[in-house]
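Subject: Structure handover

Hello,

Here is the structure I promised to pass on. Please open it first, then read the notes below.

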Amino acid sequence: MIVIAVILLLLLFILPNVWAKWVLQRYSRPRADYPGTGGELARHLIERLGLEGVTVEVTEYGDHYDPTSRRVRLSAEHFEGRSLTAVTVAAHEVGHAIQHHHGYQPLLMRTRLVGVAQSAEKLGAGLMMAAPLLFVLTRTPGGTALVVIAAILSFGTAAMVHLITLPVEFDASFQRALPLLKQYLPPYDMPAARHLLTACAFTYVAASLASILNLGRWLVILRR
C-alpha cells in the first residue's frame, strides 16, 4: 500500500507538468499564416491596450511577467516563434500585465507574499540549522519545536503563495488572454488555444500540491 501511495503521489506531482509541456510542444510548429511572432503580438497588445511602462524582453528563466519591473519576459522560442504556442503564451503573460494595470488584488497580494515567503524561507532554514545545536546544548524539546516552527514558516508561506497563484494564472488565461486571442486567431485554432491556456496555468499545479503536502506533513508532526 505504501508503494502504491508513493507512486500515486509522484504521478500527482509529475503529470501536470508533463501534460503542460506536452501541450506546449504539440502546438509549437511554425505557422506561415500568422502575421507576427509571440514577441510582436505582446508588444502590439501592450501598445493597443495602453499598458504604459510595460516592456517585452527575452529571458532564459521561463516565461513570466515581473510586476516589479513591469516587464513581460518570454523565452527565445516564444519571443521569436511564429506558432500557436508562442502567441498564446505571449497573450497569457500580457494577461498578467493587464491584471497589474487594473489593480487585480490577487496578483498584488501574490507579489507582496513572494517577498514575505522568501524571507520566511530564509528564517525557516536558519532555524532548522540551529535546532540540532540547541537540542544538544539544552537537552530540551526546544530544538524540535524550532524545527516545526521553521517548517511552518517555510512551507506555510510557500503554500499560501501557490494557493493565490492558481486563481491568478487561470484569470490571466481565461479572463484576459482568451478574449484577446479570439480577435486574432482563426476560429479553428481556438480549441487548441484553450488547451494551451490551461497548460500555462497548470505549470504551477505541481508546485502548489508539493507545498501543500509539505505543510500538511509538518502540521501532523505538530499535532503529535
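A polar contact here is a pair of N or O atoms within 3.5 Å; within protein, one must be able to donate a hydrogen and the other to accept it, and residues adjacent in sequence count only if both atoms are side-chain atoms. You will need that for His 92 below.

This is a predicted model: local features need pLDDT of at least 70, side-chain atom pairs count only at pLDDT 80 or more, and totals for chains, interfaces and linings use all residues. Residues are numbered from 1 along each chain as its sequence is written, and side-chain values use heavy atoms, with hydrogens and water left out.

**Overall layout**

The protein chain has 8 helices and 3 strands. These are DSSP runs, numbered from the N terminus: helices are H or I with at least four residues, strands are E with at least two. Along the sequence the pattern reads α-α-β-β-β-α-α-α-α-α-α.

Buried residues make up 43% of the 224 residues in the protein chain. Buried means under 20% relative accessible area, exposed means over 50%, and partly exposed is in between (1.4 Å probe, protein chains only). The accessible surface is about 12400 Å², and 67% of that belongs to carbon and sulfur atoms. Areas come from the Shrake-Rupley method with a 1.4 Å probe; for residues, only the protein chains shown count as cover.

Contact means heavy atoms within 4.5 Å. Take the contacts between residues at least 6 apart in sequence: 72% of them join residues at least 24 apart.

**The cores**

A nonpolar core is a set of buried Ala, Val, Leu, Ile, Met, Phe, Trp, Tyr and Cys residues joined through side-chain atoms within 4.5 Å. The largest one has 36 residues. Val 72, Leu 74, Leu 84, Val 94, Leu 181 and Leu 185 have the most contacts inside it. Two or more residues come from each of H1 (2-26), H2 (38-49), S3 (71-75), H4 (84-101), H6 (142-181) and H7 (190-202). H4 gives the largest share, 8 residues. A second, separate core has 6 residues, including Leu 107, Val 161, Ile 164 and Val 168.

Leaving aside neighbours within four places in sequence, Leu 185 is in contact with Tyr 34, Leu 84, Val 87, Met 190 and Ala 193.

**His 92**

His 92 lies in helix H4. Is this residue buried or exposed? His 92 is buried, with a relative accessible area of 1%. Its side chain makes a polar contact with the side chain of His 96, at 3.3 Å. Not counting residues up to four places away in sequence, His 92 touches Glu 169, Ala 172, Ser 173, Ala 177, Leu 197 and Cys 200.

**H7 and Trp 19**

Leu 197 and Cys 200 are among the buried residues of H7, as are Met 190 and Ala 193. Trp 19, in helix H1, is partly exposed at 32% relative accessibility. Beyond four places in sequence, Trp 19 touches His 195, Thr 198, Ala 199 and Phe 202. Trp 19 and Phe 202 are 183 residues apart along the chain, yet their C-alpha atoms are separated by 8.7 Å.

**One aromatic pair**

Rings of Phe, Tyr and Trp (its six-membered ring) pair if their centres lie within 6.5 Å; planes under 30 degrees apart count as stacked, over 60 as edge-to-face and the rest as tilted. That gives 1 aromatic pair. Phe 170 and Phe 174 are stacked, because their ring centres are 6.3 Å apart and their planes are at 15 degrees. Both lie in helix H6, 4 residues apart.

Best wishes
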